[in-house]
Amino acid sequence: MKNQSGLTLVELMVTTAIMAIIITTAVPAFKGLFESKSIPQIASLFEKSIKLARTEAINRNTKINIKPVSGSGDWAQGWYLEYILVDDDDDTADEPVLIRTFPAVPGNPSFTSETFEGDGFTLRANGQLDNAVGDFTLYSPTNCAAGSYTLSLLVSGSIKKAESACP
């Protein structure tokens, strides 16, 4: 009788079935793990972007607009910072200059503000908020364990981040 080397078809099928079972149970757990990491990171990124906008407003001595990319209240699609380049010539329009764009956030979080919808908000040249104060809510609708944050924009132009209950 010859020595057998390699796997039989039955062994290969059993191994494949076991791997399929492990993968189907592990993928949802990893998704929840990634969501629980991404919500705090998104809140931190937004907080840093407001600090950048304040710094740019003070350094450039001009107003900085922070607007959602979507043009609606959905900040999860990304946001951008711009200032208006004022031209002394009356025959040309003042033109917005892009400072930085922040891309859409990973996953499918809810990141909205009832106060700052499509027009966003503006920081004055002294770094203070030009508009009314307001809040942003950030959470994962499919995974409350990932965390929920309320980001409050203050008159000073700074942002206050606080964990909140999942809606």
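Reader: Happy to look at this one with you! How many helices and strands does the protein chain have?

Author: Helices, of at least four residues, and strands, of at least two, are DSSP runs numbered from the N terminus. This is a predicted model, and its elements run α-β-β-β-β-β-β-β-β from the N terminus on. The count for the protein chain is therefore one helix and eight strands.

Reader: Which element has the highest mean pLDDT?

Author: Good place to start with a predicted model. The protein chain averages a pLDDT of 83, and 87% of the residues score at least 70. Among the elements, helix α1 (residues 9–60) has the lowest mean, 82. The highest mean, 93, belongs to strand β1 (residues 64–68).

Reader: What is the strand order in the open sheet that holds β1?

Author: That open sheet has four strands, and the pairing is antiparallel. Its edge strands are β3 (95–102) and β5 (121–123), each of which pairs on one side only. Neighbouring strands are turned by 30° against each other on average, direction ignored. The order is β3-β2-β1-β5.

Reader: Which residue is the bridge partner of W79 in β3?

Author: Let's begin with the strands. Strand β2 (residues 79–85) pairs with β3 in the antiparallel sense, over seven bridges. Across that pairing, the bridge partner of W79 in β3 is F102.

Reader: Now the open sheet with β4: why is one side of β4 left without a neighbour?

Author: The order of this four-stranded open sheet is β4-β6-β7-β8, with antiparallel pairing. Both β4 (110–112) and β8 (159–163) stand at the edges, so each is left without a neighbour on one side. The twist averages 15° from one strand to the next. The reason for β4, then, is that this edge strand has a single partner strand.

Reader: In β7, which residue is the bridge partner of Y139?

Author: Strand β6 covers residues 134–139 and strand β7 residues 148–153. The two run antiparallel and are joined by six bridges. In β7, the bridge partner of Y139 is S148.

Reader: Which residue in the turn between β7 and β8 has a positive phi?

Author: Nice one to check on the model. β7 and β8 pair in the antiparallel sense over five bridges, and Y149 stands opposite E163 in β8. The two strands form a hairpin with five residues between them. In the turn, the residue with a positive phi, of about 90°, is G157.

Reader: Is the aromatic pair of F111 and F136 stacked, edge-to-face or tilted?

Author: The structure holds twelve aromatic pairs. In this one the ring centres are 5.9 Å apart, with 50° between the planes. Planes under 30 degrees apart would count as stacked and over 60 as edge-to-face, so the pair of F111 and F136 is tilted.

Reader: Are F111 and F136 buried or exposed?

Author: F111 lies in strand β4 and F136 in strand β6, 25 residues apart, and their pair links distant parts of the chain. Both belong to one aromatic cluster, whose members also include F46, W75, W79 and F102. Of the 167 residues of the protein chain, 32% count as buried. F111 and F136 are each buried.

Reader: How far apart in space are T55 and L123, C-alpha to C-alpha?

Author: T55 has its place in helix α1, and at 39% relative accessibility T55 counts as partly exposed. In sequence, T55 and L123 are 68 residues apart. In space, their C-alpha to C-alpha distance is 10.0 Å.

Key: Residues are numbered from 1 along each chain as its sequence is written. This is a predicted model: local features need pLDDT of at least 70, side-chain atom pairs count only at pLDDT 80 or more; totals for chains, interfaces and linings use all residues. Side-chain values use heavy atoms; hydrogens and water are left out. Two strands pair if DSSP finds at least two bridges between them. Axes are lines fitted to C-alpha atoms, for helices over the stretch in contact, and angles run from 0 to 180 degrees between N-to-C directions. Rings of Phe, Tyr and Trp (its six-membered ring) pair if their centres lie within 6.5 Å; planes under 30 degrees apart count as stacked, over 60 as edge-to-face and the rest as tilted. Buried means under 20% relative accessible area, exposed over 50%, partly exposed in between (1.4 Å probe, protein chains only). pLDDT is the predictor's confidence in each residue, from 0 to 100.
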